[in-house]
Amino acid sequence: MYTVLIADDEPAALKYLYSIVNNNFPDEFKITFCASNGIEALEWVKLHHVDIIISDIRMPLKDGIALAEDVLKLRPHIKFIIVSGYSDFQYARSALRLGVKDYILKPVVPFDIKEIFKRICPEIDKRIYEEKKNLLHRLCTNAKVSTNEINELFPEDGYHLALLRKNGLPLNEFYKDTKEVFSDTSEKIFIYGRDEFEALYICPCTLINQKEFRAYMQKEMLRNKDEKAYCTLVFLNKIIDGNDFPISVRNMQLKLDSNIVLGKNKIIILKNFSDNTHQEDECLALITFESLCKQQQKEAAKEELTRLLFLWNEQERPLSWIKSMLQRASYLLQRFHLCNPITLENERANLAEIFFYAENIQQLVRDVNELYFSISEIQQKYLKMDSEHYHKIIVNYIESNFNIPLTLQSTCKALGISKSYINKLIRKYDDETFCTYLTRIRIENAKKIIKEERSTLMIKDIAERTGFHDQFYFSRIFRTYTGMSPSEYILSLDAKKTNTSPEDIL
């Protein structure tokens, strides 16, 4: 709902403007203050969120032009509309140079207000959307966010929150350029993801109740889950306002990251956050393994680590806990010279990718053994060959098969190349992960298809032809990579073709 301030020194005119907005747009616009002069209006703007100001040009103490100048210096995002009589027409037009959005000649009629609102509301929506994106990014990366900022952008009295993740742990720790995902501007529920496998859902409680929200999220969980995927869903067990966003979001992320279990679908209700990382038995878990390392029994240590990985998975230990234990095991392996030589930086990056892509315990064990122990004949052969040549083989395969359900695992199997080797080459030559490279190729091809066949295809068809199983997910990813939705991209192409603006087409 857009917030409106009306300023006019004549009570009858003030009441008339109020009735136009309130009676014609009750569900879209909320009049938060009526001022009898420019000073009152300015003081309100200093303390409250305002989207639109409708002001008479002639007022005592501070007229509409002076008010516009002060307001737009203080809050340049506010859409300022001047109301003037015919005799003030040229004076009102001069206000446009100050940044005033529009002017209306008296007598004001509802149609005039409607037409101006129709023009300025998309601009407000775009600004709010971008500010929400920026705020959520800062909120989820532990940057400082003021409660005033949050309440301006999320002004509802209450919100439902849920956090959904597909498969393993986030990569953000090592890939600062990981693509964040946001909902479309038209979606009522705002969505933010640290990467394309995660989504934080922020739903106004006026839209649906808590029971309906949980049912909706469980459907989202099923919709996001493909054949080999597993999902973890965290619900916040209460309705919160903007003031509680920072601590609630942080606790949900911690709860999610510390409860992802390999191959298991989990729904978690977050009441009071508590650490669930099995700290009590961390010291005991690697006693036998450490003893074998000290005795220089490499094969026995390898078998023990494999046994532990299967055991921890049977015990449904969280992936974050297993990862921390592997880092301890790695220290022992390297201390006693029992594993492949590997730098700390490379080990952390490889572990991050292993736990990001992990689909099942067999795959995890295979990847861990490859990282620490295995340099096969075929791998030795690759290491001696031209890396750029094999990079081209990998990217050519991706670019030829982006339209099918392609994964890192299936790519490895098709090419006979290990996951760590594929990731290493893509990191080296493209400075991104396999996942982001694949998605970028898909979006580039989606843009090409839209340019060539937009008149004959629906968004759903374009999504399917570029390897996306869900058109809503495709739209979010498309916006992440291009800055606009598929529909907006189509409009922009049509506008270029006809030499008009997208708004004119709409």
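**Close-up views of a predicted model**

At 6% relative accessibility, F468 counts as buried, because the limit for buried is under 20%.

**View 1. F468 forms an aromatic pair with Y473.** The two ring centres are 6.1 Å apart and the planes stand at 55 degrees, which makes the pair tilted. Y473 has 13% relative accessibility, so Y473 also counts as buried.

**View 2. F29 and F117 form a stacked pair.** A pair of aromatic rings is described by the distance of the centres and the angle of the planes. For F29 and F117 the centres are 4.1 Å apart and the planes are at 20 degrees, so the pair is stacked. F29 lies in strand β2 and F117 in helix α5, 88 residues apart, and the pair thus links distant parts of the chain. Both F29 and F117 are buried.

**View 3. Other rings in the structure.** A search of the whole structure finds 19 aromatic pairs. Ring pairs join Y129, F154, Y159, F190 and F245 into a cluster. Elsewhere, the charged end of R214 sits over the ring of F235, at 5.5 Å from the ring centre.

**View 4. The largest nonpolar core has 86 residues.** Which of its residues touch the most other members? They are I54, F117, L136, F154 and F289. Helix α5, residues 110–140, supplies the largest share of this core, with 12 residues. Leaving aside residues up to four places away in sequence, L136 touches F154, F190, Y192, L200 and I202. A second, separate core has 24 residues, including F356, C412, Y421 and I441.

**View 5. Helix α2 spans residues 38–47.** Its buried residues are G38, A41, L42 and V45. These residues cover an arc of only 100 degrees around the axis, which puts them on the same side of α2. An α-helix has 3.6 residues a turn, so residues three or four places apart point the same way. The elements that cover the buried residues of α2 include the strands β1 (2–7), β2 (29–35) and β3 (52–56), together with the helix α3 (64–74). At the start of α2, a side-chain oxygen of N37 comes to within 3.0 Å of the backbone nitrogen of I39.

Terms used
Residues numbered from 1 in each chain as written. Predicted model: local features only at pLDDT ≥ 70, side-chain atom pairs only at ≥ 80, totals over all residues. Heavy atoms only, no water. Core = buried A, V, L, I, M, F, W, Y, C linked by side-chain atoms within 4.5 Å. Buried < 20%, exposed > 50% of the residue type's maximum accessible area, 1.4 Å probe, protein only. Helix = DSSP H or I, 4+ residues; strand = E, 2+ residues; numbered from the N terminus. Contact = heavy atoms within 4.5 Å. Arc of directions from axis to C-beta. Polar contact = N/O pair within 3.5 Å; in protein donor to acceptor, adjacent residues only side chain to side chain. Phe/Tyr/Trp six-rings, centres within 6.5 Å; stacked < 30°, edge-to-face > 60°. Lys NZ or Arg CZ within 6 Å of the ring centre and 35° of its normal.
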